[in-house]
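Visitor: I have a model open and would like to talk through how it packs. Can we start with the terms?

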Amino acid sequence: MEFEQQLRAAFAPRDPRPELRSRILTRASIQEGAKGKGGRANRTIVVGAILAFAAAAAMVAWSLRDESASQPVVIAITPSTAGPTPASEVPQNAEPSAPRTKETTMASDPQEIPPAPSPIHILMLPLQDDISDPVARTAINTFQSELAETLRAIPELVLLSDLKQAEGLPSYFRITVRQLGETRDGITWIDLEGGEEIPGKRRRNGVALSGLPIDLASTCVPVPEGQMSPCPKGLASYVSGYLRKRLFPPDPGQLLQLQNQALNASLESPRRLEALTELAETKGGGALREAAMVRAAINLISTSADPTLKAQVWKLMKGIRHPDLIAPLAATMRNEFDGEVRLQAVTRLQEDFASDPAAREVLESVAREDSRPLVRAVAQRALGGEADWNQYVLTSVKDASKTDMERIEVFTYFVSQPCSMAGASGCFSSSGQLFRSRQSVDDEAMQALAGLAGRSSEFRQTLLNVVNELRESDRPAMTSLLLALLDGATTGEKHQLITGLSSQHTDPRSRAALEKIAVEDPDSQLRELAAKALRDSSSNN
Amino acid sequence: MRTTNQKPAASIPDEGLQRARQEMPNAFLQALREHESRVYSIALRITGRRVDAEELTQDAFLQLHGALERMVDPDHLKRWLLRAVVHLCLNRLRDERRRPKLVSIDTLPPDSEPPATEAAVDPLLTARLHQLLLELSTEARAVMLLRFQEDLDPSGIAAVLDMSVNTVKSHLRRSIDWMREQCAGENHGI
């Protein structure tokens, strides 16, 4: 091989650890948040939001990974004598309106479950940052000790003391902690990453938590499950629970308990829904794909009278694509009075079963006959494609004959249900993509949205998200939308809007709005931000 | 800007994957997906340390995040990113305190790249070339990577690095000759 070819081969790009993408997304989201809102709000809320967004960012990163690398980890559940509820305990009136087939009965035999990969090895790396601040170092070391203690207490987990112990293992989980920012007001902020290391494989599953607070002075008081306390022990307990759920192979005992809870028809419906939700959130979400869990969901829908619960169950079934779901979905479309339940059901048919002949038959009927226009439109989306759907959304937004709430409903649904077939013609995976396509959007639609902006705080937030994504400059209709959103905006919203207005250089309305904020706004940060936007705008002109 | 020293932002968007997708500009997600490997590889090969490479990759993408609306087209974005990461790396290495340092493999995971999987690639030669690259001057390293990792021609490299085309050619010629010479006495079939 020529030497230069050798150089090319040697220097072919290499993939970084998957956690890096999570970190970048997390940091970018922090930057986005700081850019958009600024100021220092209630610390507890901030921490929770950071954590939630970090989790979301990690999930985004997860979803962006190569298909080959995103195979869910095999669920490791060891069947026990306390198996799922026997079939006799499940009411036989499951799916009353759906044709019953052999496959759709509520038989809940003990499931075929692979053995647990026991034990689970964990290597917690020592603190590697050069931290000179003794408070920060002590805080992080204390937290790490507490986390190690908490993890040690879990029977199937084995803590490795160094890398050498990991040699020869088929896989292990690595946990790293880094300081984030400076220690202020006694609180040390950290990033925590967890990843699965499989020798010989470049891709590793991972999670990232950013902005975790450690406060050595904080006393550990009991907090509700799922919430965190900044005391080292409390934080360790929270992190341990999070890792247990999102990173490590699921706890077989807990999975079985949740499955039993979901199957147990003698329990109240909300408790069964709670179990299904937990199972959906468990690593990989695979637990919900089990046939028994699909039957439990169907049973819950068919026996509950609560439309909110039924809609929620259909939402949880997103992506499950189990053929047993088609008949109850069809039954829901035929018999359900509640429009929201039908909307969620038709969304499942459109997203998960559009290519199934039986489902298409249902969709054709729904597209013709359903009483709710949005439900009909979603069915038509599956049949007619994304271009028709996009057109429907924009036409609806502009349609003055519709009520404001109908127009808002269509646009909100559109934003929350992006096209899942990325790359297909006319398929926009986000509202920003659609709006960047000048052929699809016109000023009239933008003006219509501006007119609807003040109708509800939720819709205002939806539009703010859209505006953030658009980043269009020098478009009068966009200025109108920004100004409509500015009317009655909170301080945080104004932060976002100033950025948008600053990109409307040539519109005098934009300049006037910025000048007003720069002079009159009670918030000094906002005044400074607006003044800076005006200066930047002047220099650009 | 060292992002690891950033204070957590005071305000963060709401939770949920859907929300995250909506709030993160789609162009940024796409750029991250498309260019993450090349940016990281450049940073890793110039600095020689995974920790630095990850940090600089983050910095480059955060800079991109702030400058996204100025990107004209995908090619502009790619060149912008290359330029950003190379200059971040060069700046980092100019600081003597941040030069690559040896650490015990008992305490840190290895920074070396995983061996190439392609059958035609000699893993020993690949490792040797990675090692030799780190012995070049930082500018020469950047030139070599832009040429052989990114396949840019000398004028493209010159634009990214703010160098004259002749300087780029000179770096390339001398670096290739030197690396070939170093490998010549070894059994790599060269």
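Guide: A nonpolar core is a set of buried Ala, Val, Leu, Ile, Met, Phe, Trp, Tyr and Cys residues joined through C-beta atoms within 7 Å. A residue is buried if 20 or more other C-beta atoms lie within 10 Å of its own, exposed if 12 or fewer, and partly exposed in between, with C-beta atoms placed from the backbone. This is a predicted model: local features need pLDDT of at least 70, side-chain atom pairs count only at pLDDT 80 or more, and totals for chains, interfaces and linings use all residues. Residues are numbered from 1 along each chain as its sequence is written, and chains are lettered from A and ligands numbered from 1 in the order in which they are written.

Visitor: How many residues has the largest nonpolar core?

Guide: It has 85 residues, and those with the most contacts inside it are Leu276(A), Met293(A), Ala297(A) and Leu481(A). Helix 9 (residues 291–303) of chain A gives the largest share, 8 residues. Helices are DSSP runs (H or I, at least four residues), as are strands (E, at least two), numbered from the N terminus.

Visitor: What is Met293(A) in contact with?

Guide: Beyond its neighbours within four places in sequence, Met293(A) is in contact with residues including Gln259(A), Ala262(A) and Leu276(A). Contact means C-beta atoms, placed from the backbone, within 7 Å.

Visitor: On to helix 13 of chain A. Which of its residues are buried?

Guide: Ala359(A), Val362(A), Leu363(A) and Val366(A).

Visitor: Chain B next. At what angle do helix 7 and helix 8 of chain B cross?

Guide: Roughly 110°, with the axes of helix 7 (residues 154–161) and helix 8 (residues 165–184) coming within 8 Å. That makes helix 7 of chain B roughly perpendicular to helix 8 of chain B. Axes are lines fitted to C-alpha atoms, for helices over the stretch in contact, and angles run from 0 to 180 degrees between N-to-C directions. Under 35 degrees counts as roughly parallel, over 145 as roughly antiparallel, 65 to 115 as roughly perpendicular and the rest as oblique.

Visitor: Which residues meet there?

Guide: Pro154(B), Ser155(B), Ile157(B) and Ala158(B) in helix 7 meet Val165(B), Val168(B), Lys169(B) and Leu172(B) in helix 8.

Technical notes. Two residues are in contact if their C-beta atoms, placed from the backbone, lie within 7 Å.
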